[in-house]
Amino acid sequence: MWNDRYANHAAVRPNTLEGHFDGVGQKSGDRNQQAGGLPVSKIATRIARRQLRQKQEEERAIGQRKADEHYMRLALQQARRAQALGEVPIGCVIVKEGQVIARGYNRRNTDHNTLSHAELNAIRKASRKLQDWRLEGCTIYITLEPCQMCSGAIVQSRIDRCVVGAMNPKAGCAGSVMNLLQVKGFNHQVDLTTGILEEACSQMLSEFFQKLRQEKQEKAAGNTETSVSADQS
Ligand SMILES: [Zn+2]
């Protein structure tokens, strides 16, 4: 009984399209249309629709990627402003409905303020612009994975999406040390995309730190020379 049913089912399914298209065994093809439950034309339509959906999804993903790279370039411009002040080059922009509504860059040393991270500076500006502490419908683009303070502020401000350039293995809270953006226990979770222009973002940081180390070494060497010449005089 079970074997009969199984044999019948197995015989019908693989041949459903084959019998129709190759013209062989037309009779069994007709029978397959009945036994398979769906006419071949409907199956073909479904396949075409699925392929169309896949293509649309791929095109949407490519478009999103291009837009993400565009806004990350603007965030990199902000990072350069931080660098010009001798700050760690971290920048960000906040985008709503395709418009940049706020920009921010790291000014921690300049402002003598722990809170003066790029993200918090941008969130403050965006809230002022929208006259609302809720930044719903906004995406924040940051050149470096946000810290615990900024990840907390992103969740608190109800930002929809966070796009990150370089990861920060020692202090990042969007997946590296922890992921504060997507804790299920909180009342808001943030969509997260990482790795956008990652190389450019991390290169800017590594060049900055390399230069800093070099300057320190040169300074130390200068001090040694001064003390040697002072000893000699
Ligand atoms: Zn931060």
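In this predicted model, strands β3 and β4 pair in the parallel sense over 5 bridges, where pairing requires that DSSP finds at least two bridges between the strands. Helices (H or I, at least four residues) and strands (E, at least two) are taken as DSSP runs and numbered from the N terminus. Across this pair, I142 stands opposite V164 in β4. The strands β3 and β4 also belong, together with α6, to a right-handed β-α-β unit; right-handed here describes a path from the first strand over the helix to the second that runs clockwise when the strands point away from the viewer. Strand β4 is joined by 3 bridges to β5 (residues 191–193), again in parallel, and in that pairing V163 stands opposite T193.

Residues are numbered from 1 along each chain as its sequence is written. Because the model is predicted, local features need pLDDT of at least 70 and side-chain atom pairs count only at pLDDT 80 or more, whereas totals for chains, interfaces and linings use all residues.

Strand β4 is largely enclosed by the rest of the structure, because 5 of its 6 residues are buried. Buried means that 20 or more other C-beta atoms lie within 10 Å of a residue's own, exposed means 12 or fewer, and partly exposed lies in between, with C-beta atoms placed from the backbone. Over the chain, buried residues make up 28% of the 233 residues.

Beyond its neighbours within four places in sequence, Y141 is in contact with Y71, M72, A75, C92, V93, V95 and V163, a contact being two C-beta atoms, placed from the backbone, within 7 Å.

Helix α7 also contains S202, which is partly exposed because 16 other C-beta atoms lie within 10 Å. S202 and L144 are 58 residues apart in sequence, yet their C-alpha atoms are 7.8 Å apart in space. For the chain, 52% of the contacts between residues at least 6 apart in sequence join residues at least 24 apart. The chain has 7 helices and 5 strands, and from the N terminus on its elements run α-α-α-β-β-α-α-β-α-β-β-α.
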